[in-house]
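Subject: Structure for you, with notes

Hello,

Here is the structure I said I would pass on.

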Amino acid sequence: MKKTEMFRNKLFLGPMAGVTDLPFRTLCKEQGCDVFYTEMVSAKAIYYKNKNTIPLLTLGENEHPIGVQLFGSEPDIMADMGAQVAEGDCDFIDVNLGCPVPKIVNNHEGSYLMTQPKLVEEILTAMRKKIDKPITVKIRKGFNPGDNNAVEIAKIAEGTGMDAIVVHPRTRDQFFSGESDWSVIKEVKDAVSIPVIGNGDIKTPQDAKAMYDETGCDSIMIARAAQGNPWIFREVKHYLEIGELLAKPTREEVRHMIIRHAKMLVEFKGEYTGVREMRKHVSWYTAGIPYSSKIRRRVNSITDLDGLIKLTLECL
């Protein structure tokens, strides 16, 4: 298989801190997702052997192809840690140039690097020299309101030997608010020859088709719309292949998914952490379901798996 084939005509699960861990990725794969990313991992944290990186770098046997997303701003550390991670079971490395979180940006990482094209070139050049596996780059439209240097950064990525580019067409200033500007995805697609993955405001199967049609992108990435809704991948895939909409999951399916997800999280992270992390997932799973406000009100006081399962069965 050519390196770029895994980035064409696929459905991607976007990396989301605190969300796209191994259990959640597993559920999305079962529902038809094709390509995965870990939650973003600090290259510097790997360098200093921070124990918190261990679960972030834990990959499942059956979730390939999967990329490890790294963030950082020091070329040598990004290259060395990328090479170290690439010795493992991941299929590719991704470079985060899009995270808008203040603590990341204030450390001159993530989307801050959209303002530093020369440094981006140094980072990607250093990584390409040391990493044999494919490398992708996730970028934004730009940094400040009105900025749009996505094409400039995309050309740097292509010129340094990157294998694909993910475009989230909002500026850092927008975070995740307002509408994403899909025209930026088309501009990048028209400017480079490597695969371009479109990301931003894919909430329905119709949105996915519209992005393909309007931008000419090679693949689609779904992120926040998958929160509490791993079924979106089967829905999008069915619509793109068959042209018809699948029925939404039933309350029974939602109930089953919550309980299974909770059990997987507890097995992976332990009961204390797993149950507490599951609270936000329960709120996402039940959003919009009639009469489910009761479970959302009560879930934050639940501290054990049995209590969470009991609450789910009572309220759904």
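Which helices do the buried residues of α14 pack against? They pack against α11, α12 and α13 (293–298). Please keep in mind throughout that this is a predicted model.

Helix α14 spans residues 305–315, and its buried residues are Leu305, Gly307, Leu308, Ile309, Leu311, Thr312 and Cys315. Asp304 caps the N-terminal end of this helix, with a side-chain oxygen 3.3 Å from the backbone nitrogen of Asp306.

The axes of α11 and α14 cross at roughly 175 degrees and come within 10 Å. Angles over 145 degrees count as roughly antiparallel, so α11 is roughly antiparallel to α14. From α11, the contact draws on Arg251, Arg255, Ile258, Ile259, Ala262, Lys263 and Val266. From α14, it draws on Leu305, Leu308, Ile309, Thr312, Leu313 and Cys315. Sorted by class, the residues of this contact are nine nonpolar, one polar and three charged.

Helices α11 and α12

Helix α11 (residues 251–269) also meets helix α12 (residues 271–286): their axes come within 8 Å and cross at roughly 155 degrees. That angle makes α11 roughly antiparallel to α12. The crossing of α11 past α12 is right-handed. On the α11 side, the contact is made by Val254, Met257, Ile258, His261, Ala262, Leu265, Val266 and Lys269. On the α12 side are Glu271, Thr273, Gly274, Val275, Glu277, Met278, His281, Val282, Tyr285 and Thr286. The class count for α11 with α12 is ten nonpolar, five polar and three charged residues.

His261

His261 sits in helix α11. Is His261 buried or exposed? The relative accessible area of His261 is 0%, so this residue is buried. The side chain of His261 is joined to that of Tyr285 by a polar contact of 2.8 Å. Not counting residues up to four places away in sequence, His261 touches Pro23, Phe24, Leu27, Met278, His281 and Tyr285. Of these, Met278, His281 and Tyr285 also take part in the contact of α12 with α11.

Helices α6 and α7

Elsewhere in the chain, helix α6 (residues 117–130) packs with helix α7 (residues 150–159) at an angle of about 25 degrees, their axes being 9 Å apart. This makes α6 roughly parallel to α7. Here too the crossing is right-handed. Pro117, Val120, Glu121 and Leu124 in α6 meet Glu152, Ile153, Ile156 and Ala157 in α7. By class, the contact of α6 with α7 holds six nonpolar residues, no polar ones and two charged ones.

Glu109

Glu109 lies in the loop between α5 (102–105) and α6. Why does Glu109 count as buried? The cut-off for buried is under 20% relative accessible area, and Glu109 counts as buried because its relative accessibility is 5%. The side chain of Glu109 makes a polar contact of 3.2 Å with the side chain of Asn107. Leaving aside neighbours within four places in sequence, Glu109 is in contact with Phe71, Gly72, Ser73 and Ile104. Gly98 is eleven residues from Glu109 along the chain, and their C-alpha atoms are separated by 8.8 Å.

Regards

Definitions and conventions: Residues numbered from 1 in each chain as written. Predicted model: local features only at pLDDT ≥ 70, side-chain atom pairs only at ≥ 80, totals over all residues. Heavy atoms only, no water. Axes fitted to C-alpha atoms, helices over the stretch in contact; angles between N-to-C directions. Helix = DSSP H or I, 4+ residues; strand = E, 2+ residues; numbered from the N terminus. Parallel < 35°, antiparallel > 145°, perpendicular 65-115°, else oblique. Left-handed = near helix turned anticlockwise from the far one by under 90°. Contact = heavy atoms within 4.5 Å. Nonpolar A, V, L, I, M, F, W, Y, C, P; charged D, E, K, R; others polar. Buried < 20%, exposed > 50% of the residue type's maximum accessible area, 1.4 Å probe, protein only. Polar contact = N/O pair within 3.5 Å; in protein donor to acceptor, adjacent residues only side chain to side chain.
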